[in-house]
Amino acid sequence: MTTMATTPAEDGSRKNWTFLTNHGHVLLAIARNPTARLRDVADEVGVTERAAQAIVADLEAGGYLRRTRVGRRNEYTVNPHGRFRHPAEADQQVGALLDLFGAEPTGDTAER
């Protein structure tokens with residue numbers, strides 16, 4: 001499991017935080033390896049397998065992922081044209097994030 005960077009809080013305790021949400025981390029992990037098992041995605045992101053399943057369901061419902069059954073496994077296709085959900089970034093496509101982190105999005109990104 002991946003460990004997160006910590007910063008000291010005002011009370012001396014350590015707080016874990018990242019710039020990306022778990023949804024962003026899962027999307028990047030799947031974009032890097034579209035045939036990854038959710039167990040492996042969960043380990044990479046640092047969440048439970050059940051949380052990874054819920055996140056993938058959210059991403060699929062939001063149109064960011066498409067799941068295809070190939071034999072006994074799932075293969076995922078990332079939609080790089082999906083827009084960020086927060087109003088502050090809604091004018092940006094998630095493909096830019098995938099490009100930034102070197103993930104290989106599946107699909108034509110020429111429209112950006």
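## Salt bridges, a core and an aromatic pair

Let's start with Glu44, which is partly exposed at a relative accessible area of 41%. On the scale used here, buried is under 20% relative accessible area, exposed is over 50% and partly exposed is in between, with a 1.4 Å probe and protein chains only. Keep in mind that this is a predicted model, where local features need pLDDT of at least 70, side-chain atom pairs count only at pLDDT 80 or more, and totals for chains, interfaces and linings use all residues. Residues are numbered from 1 along each chain as its sequence is written, and side-chain values use heavy atoms, leaving out hydrogens and water.

So what does Glu44 form a salt bridge with? The partner is Arg32, and the closest N and O atoms are 3.7 Å apart. (A salt bridge needs a side-chain nitrogen of Lys or Arg within 4 Å of a carboxyl oxygen of Asp or Glu.) Because Glu44 sits in helix H2 (residues 38–45) and Arg32 in helix H1 (residues 22–32), the pair ties together parts that are 12 residues apart in sequence. Helices here are DSSP runs of H or I with at least four residues, strands are E runs of at least two, and both are numbered from the N terminus. Arg32 is partly exposed too, at 43%.

Glu49 is partly exposed at 34%, and Arg39 is partly exposed at 45%. Then there's Glu60 with Arg67, whose side chains meet in a salt bridge at 2.5 Å, N to O. Glu60 counts as partly exposed at 28%, as does Arg67 at 32%. A search of the whole structure turns up 4 salt bridges.

Now for the inside. In H1, the residues Gly24, Val26, Leu27, Leu28, Ala29, Ile30 and Ala31 are buried. What do the buried residues of H1 pack against? They pack against H2, H3, strand E3 (65–70), strand E4 (73–78) and helix H4 (94–100).

The largest nonpolar core has 23 residues, and those with the most contacts inside it are Val26, Leu27, Ile30, Val41 and Leu65. Two or more residues of this core come from each of H1, H2, H3, E4 and H4, with H1 giving the largest share, 6 residues. (Such a core is a set of buried Ala, Val, Leu, Ile, Met, Phe, Trp, Tyr and Cys residues joined through side-chain atoms within 4.5 Å.) Take Leu65: not counting residues up to four places away in sequence, Leu65 touches Leu27, Ile30, Val56, Leu59, Glu60, Tyr76, Thr77 and Val78. Contact means heavy atoms within 4.5 Å.

Next, look at the loop between H1 and H2, where Thr35 lies. Thr35 is partly exposed at 36%. Thr35 and Arg73 are 38 residues apart in sequence, yet their C-alpha atoms are 7.5 Å apart. Leaving out residues up to four places away in sequence, Thr35 touches Arg73, Asn74 and Glu75.

Last stop: the aromatics. The whole structure has 1 aromatic pair. The rings of Trp17 and Phe19 have centres 5.0 Å apart and planes at 75°, so the pair is edge-to-face. (Rings of Phe, Tyr and Trp, taking its six-membered ring, pair if their centres lie within 6.5 Å; planes under 30 degrees apart are stacked, over 60 edge-to-face and the rest tilted.) Trp17 is partly exposed at 42%, whereas Phe19 is exposed at 77%.
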